[in-house]
Amino acid sequence: MCGILAVLRCQDNSHAKRSRILELSRRLRHRGPDWSGLHQEDNNFLAHERLAIIDPASGDQPLYSEDKKIIVTVNGEIYNHEKLKSTVKHEYHFWTQSDCEVIAHLYEDFGEEMVSYLDGMFSFVLLDNHDNNFIAARDPIGITPLYIGWGLDGSVWFASEMKALKDDCVRFEVFPPGHIYSSRAGGMRRWFNPLWFSEVIPTLQYEPLALREAFEKAVVKRLMTDVPFGVLLSGGLDSSLVAAVASRHLANTQAGVQWGPKLHSFCIGLKGSPDLKAAKEVSAFLGTVHHEFHFTVQEGLDAISDVIYHIETYDVT
């Protein structure tokens with residue numbers, strides 16, 4: 001979970017404007033406490049607040065192409081980044097081991113169509129200094145948040161959270177999942193167009209084994225990390241299945257080799273709540289290293305305003 005902020009084609013490239021961008025980017029710092037970066041190219045600004053997951057030593061953002069003419073700020077993870085490094089048409093120099101740097105090199109080879117090559121959760125803004133154009137894109141189902149806004153001066157803004165846009169944009173809205181914004185085209189278009197998207201009634205037959213295989217692959221590819229990690233476990237069906245698959249496959253992953261084969265699980269709730277009880281039972285069955293945290297009703301009430309401020313909605317379970 002990183003935070004990105006981009007302001008493109010504004011009419012002010014002064015030091016005061018740069019300071020303002022930094023101030024707005026700080027509003028997103030709770031998303032990424034590990035590094036703050038800002039790239040300014042004339043009247044274009046790309047800022048990043050980093051939560052380091054892959055390559056914590058050198059993967060600071062924004063990221064660059066080999067000639068540093070293409071700059072990208074990304075929130076997310078690209079699960080097939082190693083495969084994509086062999087997909088690019090040229091042997092590019094990679095400045096980091098970040099999973100997201102490949103976006104810049106894919107763009108050099110495939111242009112705006114490169115977004116369809118990405119397997120991951122992501123929202124990013126890419127600036128092409130060869131012709132002063134830019135694109136922004138969001139993953140197929142909108143796992144990572146992204147908003148778009150417009151300034152009075154004709155500038156286009158992108159941010160992970162609305163709080164970075166609300167004071168400086170005359171209008172802002174949700175950036176729709178599965179879409180790409182192109183300055184060349186002058187607007188938004190859908191890039192994610194699966195065959196089933198326009199079906200009113202699905203035509204694909206239900207195959208339980210195919211569903212199981214797809215589910216396990218989805219969990220395993222997310223065990224991609226250079227830092228310690230765990231799973232949130234409520235003891236319900238969804239989290240228990242994820243924990244079961246992760247626990248079974250962890251030892252055979254690079255993360256398991258680096259951090260150990262035992263999965264850590266976490267649960268938070270009121271003392272005596274059914275979630276805590278169920279999570280403990282599932283943890284005991286799976287053999288995870290379980291961690292339990294408690295809060296009181298009053299502490300929950302006290303936190304409501306902060307929670308809504310950070311997630312920007314009350315409608316999340």
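The protein chain contains 8 helices and 15 strands. Its radius of gyration is 21 Å, close to the 20 Å given by the globule rule for 317 residues, so the chain is as compact as a globular protein of that length. The model described here is a predicted one. Taken along the principal axes, the box filled by the C-alpha atoms is roughly 60 × 50 × 45 Å.

Of the contacts in the protein chain with a separation of 6 or more, 61% are accounted for by residues 24 or more positions apart. Buried residues, those under 20% relative accessible area, make up 44% of the 317 residues. The chain exposes about 16,700 Å², and carbon and sulfur atoms supply 58% of that area. As for charge, there are 30 positive and 42 negative side chains, and the centres of the two sets lie 2 Å apart.

The buried residues of H3 are Val102, Ile103, Ala104, His105, Leu106, Tyr107, Asp109 and Phe110.

Which elements cover the buried residues of H3? The cover includes strand S4 (63-64), strand S5 (70-78) and helix H2 (81-85). Strand S6 (120-128) and strand S7 (133-138) are also among the covering elements. Just after H3 comes glycine 111, which takes a positive phi of about 65 degrees.

Methods: Residues are numbered from 1 along each chain as its sequence is written. This is a predicted model: local features need pLDDT of at least 70, side-chain atom pairs count only at pLDDT 80 or more; totals for chains, interfaces and linings use all residues. Side-chain values use heavy atoms; hydrogens and water are left out. Helices (H or I, at least four residues) and strands (E, at least two) are DSSP runs, numbered from the N terminus. The radius of gyration is taken over C-alpha atoms; the globule rule is 2.2 Å times the number of residues to the power 0.38. Buried means under 20% relative accessible area, exposed over 50%, partly exposed in between (1.4 Å probe, protein chains only). Contact means heavy atoms within 4.5 Å. Accessible areas come from the Shrake-Rupley method with a 1.4 Å probe; for residues, only the protein chains shown count as cover. Lys and Arg count as positive and Asp and Glu as negative; His and the chain ends are not counted. The place of a charge is taken as NZ of Lys, CZ of Arg, CG of Asp or CD of Glu.
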